[in-house]
Amino acid sequence: MTLLAYRFALDPTPAQERALRSHAGAARAAFNWGLARIKANLGQREAEKSYGITGEGLTPPVSWSLYSLRKEWNAAKGEVAPWWGECSKEAFNTGLDQLARALKNWGDSRKGKRRGKPAGFPGFKAKRKARPSVRFTTGAFRCEDRHAVLPRIGRVKLHEDGRRLSRLVAAGTARVLSVTARFERGRWHASFAVETEVSRPAPRLPGAVVGVDLGIKTLAVLSTGEGIPNPRHMSGALRKLRRLARAMSRKQGPDRRTRREPSNRWRRASKALGRAQGRVADQRKDGLHKLTTRLAAEFGTVVAEDLHVAGMVKSRRLARHVADASFGEFRRQLEYKAAWHGGRVIVADRWFASSKTCSGCGAVKAKLLLSERSYLCASCGIVLDRDLNAALNLAEYGNRLVAGSGPETLNGRGADRKTGLARQVAVKRQPGTARAGKTGTVPAQAGAAA
């Protein structure tokens with residue numbers, strides 16, 4: 001069974017929108033209540049430790065598991081939120097669940113158990129900044145042909161057709177686990193988490209291996225020679241976005257210090273800016289979906305690089321273009337779509353020198369500037385496009401793994417590593433060997449096979 005999400009835009013009535021916002025506010029209130037209680041407990045324990053109190057003399061710690069938070073909320077909700085009966089219990093559970101997850105991520109990040117960017121300690125959610133959302137896991141919720149049924153909200157009209165999901169549920173091939181209502185870009189959306197079987201036809205070329213080199217000038221270059229141009233959606237809409245942002249900055253916006261509410265003109269300008277930014281995001285997502293769907297449906301094995309996107313966006317000149325290309329989203333979509341079709345995605349090591357290795361003879365350059373768009377091999381004299389050369393090397397990397405010989409390890413060092421030692425090895429290489437990196441020399445026969 002596979003977990004999928006079906007997302008629909010909603011057209012709620014004014015009364016239903018007020019109810020949705022009320023539920024989202026209840027979730028925010030429960031989140032802030034639990035966070036205040038935990039921060040007070042942590043502060044009290046730190047103060048006691050500074051006084052020299054240790055062991056059993058310290059105030060007992062507060063558990064931040066969802067079960068404990070929910071139990072404590074049920075005991076205190078009569079005093080904290082006397083209006084709790086106006087909203088579904090799932091609204092308060094939404095906020096407590098978000099708090100439990102945030103605290104767990106923070107704890108795991110401090111202990112080194114969580115990968116990725118370090119997670120900070122959660123902060124309080126402000127009404128003006130928090131994105132309204134509420135999640136329903138129990139109760140009478142379902143998707144109909146033209147409506148979404150939500151607990152305590154009622155039948156909300158769908159802006160899109162929901163017959164596909166309703167027919168899958170009616171046939172017994174899908175089961176709705178939860179539904180999340182979220183407000184973004186000036187519209188409410190409902191996301192149904194569905195457990196179902198996903199069956200896709202096998203790739204058209206199940207035995208084919210294709211290398212995909214991602215870039216900015218050209219979004220993707222395949223080892224077949226095909227190049228997918230980069231649409232640059234953000235660059236095309238940048239002039240309009242700047243104009244809308246300037247127009248919004250001239251309006252009377254909110255002020256936290258004076259508790260000033262934004263003007264209606266500021267709200268309209270903010271909504272227009274959000275719609276323009278959302279259109280860019282939708283265009284980018286649509287193009288990536290079409291590309292990854294075609295690759296997964298055509299090739300049995302797709303080879304891509306493990307790009308250090310977090311480091312690439314630190315470049316002042318390339319950050320916006322790298323973010324607009326969405327390399328991480330491309331890989332995420334490709335991996336699960338390839339699994340649907342019965343294919344696989346091979347991710348080359350981050351330090352695999354795909355760009356600096358000659359796809360003809362296997363010789364490795366010590367240095368290759370980013371401005372050099374054509375690859376010229378000093379050993380065999382081959383001249384071809386830099387990105388196509390990298391895609392061919394990635395395809396060969398995948399062929400080695402498919403053949404069972406293991407990943408290529410005798411390659412040059414990456415562009416982000418020092419290459420002084422590689423030059424020394426190149427000078428000392430023996431006749432009949434090709435240039436290599438720190439790992440040593442590679443026989444000419446092995447280099448030709450690469």
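**Overall count.** I began with burial: 41% of the 450 residues in the protein chain are buried. This is a predicted model, so I read every value below as computed from it. I then counted elements and found twelve helices and 16 strands in the protein chain. I also looked at contacts between residues at least 6 apart in sequence, and 64% of them join residues at least 24 apart.

**The five-stranded sheet.** I traced an open sheet with the strand order S10-S9-S8-S11-S12 and mixed pairing. Strands S10 (227-229) and S12 (344-348) are at its edges; each has a single partner strand, so one side of each is left without a neighbour in the sheet. On average, neighbouring strands here are turned by 25° against each other, direction ignored.

I followed one pairing in detail. S8 (residues 205-214) and S9 (residues 218-222) are antiparallel, with three bridges. Asp 213 has Val 221 of S9 as its bridge partner.

Next I asked which helices pack on this sheet. Helix H6 (residues 264-298) does, touching S8, S9, S10 and S11 (299-305), and its direction makes about 130° with that of S11. Helix H10 (residues 386-403) packs on the sheet too, where it touches S8, S9, S11 and S12; its direction makes about 140° with that of S8.

**H5 against H6.** I stayed with H6 and looked at its helix partner. The axes of H5 (residues 233-249) and H6 come within 9 Å and cross at roughly 170°. With over 145 degrees counted as roughly antiparallel, the two helices are therefore roughly antiparallel to each other. On the H5 side I noted contact residues including His 233, Met 234, Leu 241 and Met 248, and on the H6 side I noted Trp 266, Leu 273, Val 280 and Arg 284 among them. The residues of this contact divide into twelve nonpolar, four polar and one charged.

**Ser 326.** Is Ser 326 buried or exposed? I found it buried, because its relative accessible area is 16% and the cut-off for buried is under 20%. Ser 326 sits in the loop between H8 (319-325) and H9 (327-340). Setting aside neighbours within four places in sequence, I see Ser 326 in contact with Arg 284 and Leu 288.

**Arg 350.** I went to the loop between S12 and S13 (374-376), where Arg 350 is found. Arg 350 counts as partly exposed, with 37% relative accessibility. Beyond its neighbours within four places in sequence, Arg 350 is in contact with Asp 306, Leu 307 and His 308. I checked the pair Arg 350 and His 308: they are 42 residues apart in sequence, and their C-alpha atoms are 7.5 Å apart in space.

**Strand S7 and its partners.** How many of the ten residues of S7 are buried? I got seven, so I noted S7 (residues 187-196) as mostly covered. S1 (residues 2-11) runs antiparallel to S7 and is joined to it by eight bridges; Thr 2 has Thr 196 as its bridge partner there. S6 (residues 174-184) is also antiparallel to S7, through ten bridges, and Val 179 has Phe 192 as its bridge partner. S6 and S7 form a hairpin with two residues between the strands, and in it Arg 185 takes a positive phi near 60°.

S3 (residues 142-143) and S4 (residues 147-150) pair in the antiparallel sense over two bridges, with Cys 143 opposite Ala 148. Three residues link S3 to S4 in a hairpin. S4 then pairs with S5 (residues 154-158), antiparallel over four bridges, and Leu 150 stands opposite Gly 154. That hairpin also has three residues between its strands, and Arg 152 in the turn has a positive phi of about 65°.

**Helix lengths.** I finished with H1 (residues 14-50), whose 37 residues should span 54 Å at 1.5 Å a residue; the end C-alpha atoms are 53 Å apart, which agrees. Just after H1, Gly 52 has a positive phi of about 95°. H3 (residues 89-111) has 23 residues and reaches 33 Å between its first and last C-alpha, close to the 33 Å expected. Gly 112 follows H3, with a positive phi near 80°.

Definitions and conventions
Residues numbered from 1 in each chain as written. Predicted model: local features only at pLDDT ≥ 70, side-chain atom pairs only at ≥ 80, totals over all residues. Heavy atoms only, no water. Pairing = 2+ DSSP bridges. Axes fitted to C-alpha atoms, helices over the stretch in contact; angles between N-to-C directions. Contact = heavy atoms within 4.5 Å. Buried < 20%, exposed > 50% of the residue type's maximum accessible area, 1.4 Å probe, protein only. Expected span 1.5 Å × (residues − 1). Parallel < 35°, antiparallel > 145°, perpendicular 65-115°, else oblique. Nonpolar A, V, L, I, M, F, W, Y, C, P; charged D, E, K, R; others polar.
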